[in-house]
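Subject: Structure handover

Hello,

Here is the structure I promised to pass on. Please open it and keep it beside you as you read.

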Amino acid sequence: MINLPKDDHSCGWYQALPPAAPVKRLKGVQKADYAVLGAGFAGLAAARRLAEHHPEARIVLVDAQRAAEGASGRNSGFVIDLPHKFALEHPDPAHKQKLLGLNRSAIAQLDGLVQRHGIDCQWSAVGKYQGAVGERGEAFLDHFEHLMKDLGEPYRKVEHSELNAVLGTSYYRRAIFTPGGYLMQPAALVRGMAENLPENVELLEQSPIRSLQQEGGKWRLLGDEGEIQAPKLLLGTSIFTREFGYLKNRLLPVMTFASWTRPLTDIELARYGGELNWGLTPADHAGTTLRMTADRRILLRNSYKHVPQYGGSINDGMRQRIQADHRQAFLARYPDLAEVPFTHTWGGVYAISRNFTNFFGQLEDGVYASACDNGVGAAWGTISGTLLADLAVGADSAQLRDIQQVTGMPSLNPPEPFLGLGVKSRIALAKWQSRREL
């Protein structure tokens, strides 16, 4: 029995979009040269790259939801060039440089698509801040500075008064600014890419695949009203890869939550006093991510939950408690905007591994997967999906060799109920330790 995505329908990014075009669903038997499952960053990139390699081939891209309804449209809108915080601590400098190069290749690819197709997604090369609230955060920030020096990457210290002028709040003591990151409206970007796929890629949405079968040298993707048959299958399914029997007991499903306001009025914007279009991630990884969007919305993200049944693990009462926590964090930063309401609170599920290792490669004959982005999906999904297509068609490249060298097998998890208890305990401990950074 496949556990399907059960995302809420209150994602602010998605709800801010205009109505989607009529959906095309999977019906009958669809024969293809390549099937790609999952229309997020990885699946979209894989389908596009396959089409570039073989413009005469038929490529079918299928998703259980509408494009941008899932995790790829639910993040905080960062595309980050730097390796993940844990990867920054890798002892091999060459390993980190490979990750940096892969991320920057993804950013260049996304930038090209946005410009070529005129995708209206608030795409902007404004860098990002990493901020500290108290002594714990400042200790993490000092460590981050040390790692940046080792990496040889540019950064700039931002002290309290300058930071206050940008953020419109004196809540943060200081920050480090890194110039290589981009900001965007994730749901708009994902939908824009889905609407501008190559002609030989067919996108089928709201078409959940219930099972996979191998028969006669082909893979059959069985849905409710039809099936796809293809000799090669590429999985851009992240955490849901385990639902098809792959990487079982190796991926942890975690959900993070965000809330945002309506756009500020002119009067509220003057009272806010900061700049538009910036993003801040916490120096303490369990702290609060903060965004001011280009269209005047303030977004906060914190709160982590272990969600073994994905969106089905979250109920309305839990979402209301999370929104109350977000409200407390908002008022601590912007007490003069106390009358500005939240309009949406939503969660997004992603895969992490205990050893913080991304999987990339062939699972079995004709099946390829990129899974477990460890919470940095926009850049990683884009480049890993692209290179997964290269692997599937046998196209060698230096980047393909790089991604094979920096990925591996996620470590095995303890059995339930020990896994759930352990993850919940770690999340609770991190929240308590980071309580002054929230």
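Two strands pair if DSSP finds at least two bridges between them. Helices (H or I, at least four residues) and strands (E, at least two) are DSSP runs, numbered from the N terminus. This is a predicted model, where local features need pLDDT of at least 70, side-chain atom pairs count only at pLDDT 80 or more, and totals for chains, interfaces and linings use all residues. Residues are numbered from 1 along each chain as its sequence is written, and side-chain values use heavy atoms, with hydrogens and water left out.

The sheet comes first. Eight strands form an open, mixed sheet in the order S6-S7-S5-S15-S16-S17-S14-S18. Strands S6 (156-158) and S18 (342-352) are its edges, and each pairs on one side only. Inside the sheet, S16 (residues 289-292) and S17 (residues 298-306) run antiparallel, joined by four bridges. Leu-290 has Leu-300 in S17 as its bridge partner.

Now the helices. Helix H4 (residues 135-151) lies across S5 (128-132), S6 and S7 (174-178). Helix H5 (residues 160-167) lies across S5, S6, S7 and S15 (278-282).

Which residues of H5 are buried? They are Leu-163, Val-166 and Leu-167 (buried means under 20% relative accessible area, with a 1.4 Å probe and protein chains only). These residues cover an arc of only 85° around the axis, so they sit on the same side of H5. That arc is taken from the directions from the helix axis to the C-beta atoms. Gly-168 follows H5, and its phi is positive, near 70°.

Best wishes

Methods
Contact means heavy atoms within 4.5 Å. Axes are lines fitted to C-alpha atoms, for helices over the stretch in contact, and angles run from 0 to 180 degrees between N-to-C directions. Buried means under 20% relative accessible area, exposed over 50%, partly exposed in between (1.4 Å probe, protein chains only).
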